[in-house]
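Colleague: I have just opened this one for the first time. Could you walk me through it?

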Amino acid sequence: MTTPPPQGNPFAQGENPYAQGQPPQGQAPYPQQPGQPGFPQGGAPYAPVPPEQPRRKVSFKTIKNVLIGVGVVTAIVVGYIAGLDDADQAKVGDCLKSASSSSSSDEMEVVDCSSSEAEAKVLKKVDGTYTSFTAETECRKVSGATSFYAQTGDGDNFVLCLSDV
């Protein structure tokens, strides 16, 4: 017959042989050195660094909307600049020339009176809507008028009584 093995922990005799050099309970296993990574300094733990936010991609819709906006602003500016020298901006004493060399064009532009392009000088500007007959009758009352320019239908209706330059 054999004898049964002893009951209990065979290593429970006194101190643990592997526990040599361990610090007493409640102390850090290694002495803390300042500036050493991984150990909090001054009792406050390090806050984790938040991850970098992903960069926002520029969408086709954004690019399209910006280009449309730039196009609209450009058209407004070009229209304004082109309209600065139209006949509707003419005042008494300004000189005019035909906007194109075509004889069918009724558009006039304001030019410098000393320019070789000047064709007619404004003697009188009369606001209102006129037919060809009533415009001619109105300008016959102006001394020195040889022709007229009537603009109707654009919302800004007027007649310019003109003389040759």
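Colleague: Which residues make up the largest nonpolar core?

Modeller: This is a predicted model, and in it the largest nonpolar core is made up of ten residues: Ala87, Ala90, Leu96, Met108, Ala120, Val122, Tyr149, Phe158, Leu160 and Leu162. Two elements, strand 3 (120-127) and strand 5 (158-164), each give two or more residues to this core, and the largest share, three residues, comes from strand 5.

Colleague: What is Leu96 in contact with, leaving aside its neighbours within four places in sequence?

Modeller: With those neighbours set aside, Leu96 has contacts that include Ala90, Met108, Ala120, Val122, Leu160 and Leu162, and also Glu109, Glu117 and Glu119. There is also a second, separate core of seven residues, with Val126, Ala135, Val142 and Val159 among them.

Colleague: What about Lys97, is it buried or exposed?

Modeller: Lys97, which is found in strand 1 (residues 95-98), is buried and yet has no salt bridge, the nearest side chain of opposite charge being that of Glu109, 4.0 Å away. Beyond its neighbours within four places in sequence, Lys97 is in contact with Glu107, Met108, Glu109, Val111, Glu117 and Glu119.

Colleague: Changing topic, how many salt bridges does the structure hold?

Modeller: The structure holds three salt bridges. In one of them the side chains of Lys124 and Glu138 meet, at 3.7 Å from N to O, and this pair links distant parts of the chain, with Lys124 in strand 3 and Glu138 in helix 2 (residues 132-140), 14 residues apart.

Colleague: And why does Glu138 count as buried?

Modeller: Glu138 counts as buried because its relative accessibility is 16%, and buried means under 20%.

Colleague: Where do Glu136 and Arg140 lie?

Modeller: Both of them lie in helix 2, four residues apart, which is about one turn of the helix, and their side chains meet in a salt bridge at 2.8 Å, N to O. Glu136 is partly exposed, with a relative accessible area of 34%, whereas Arg140 counts as exposed at 65% relative accessibility.

Colleague: Last one: which residues form a nonpolar patch on the surface?

Modeller: Val73, Val77, Tyr80 and Ile81 form that patch, and together they have about 420 Å² of accessible area. Tyr80, which is found in helix 1 (residues 60-83), is exposed, with a relative accessible area of 57%.

Terms used. Residues numbered from 1 in each chain as written. Predicted model: local features only at pLDDT ≥ 70, side-chain atom pairs only at ≥ 80, totals over all residues. Heavy atoms only, no water. Core = buried A, V, L, I, M, F, W, Y, C linked by side-chain atoms within 4.5 Å. Buried < 20%, exposed > 50% of the residue type's maximum accessible area, 1.4 Å probe, protein only. Contact = heavy atoms within 4.5 Å. Lys, Arg positive; Asp, Glu negative; His and termini not counted. Patch = residues over 30% accessible without salt bridge, like charges linked within 9 Å, V, L, I, M, F, W, Y side chains within 5 Å. Areas by Shrake-Rupley, 256 points an atom, 1.4 Å probe, with all protein chains shown as cover.
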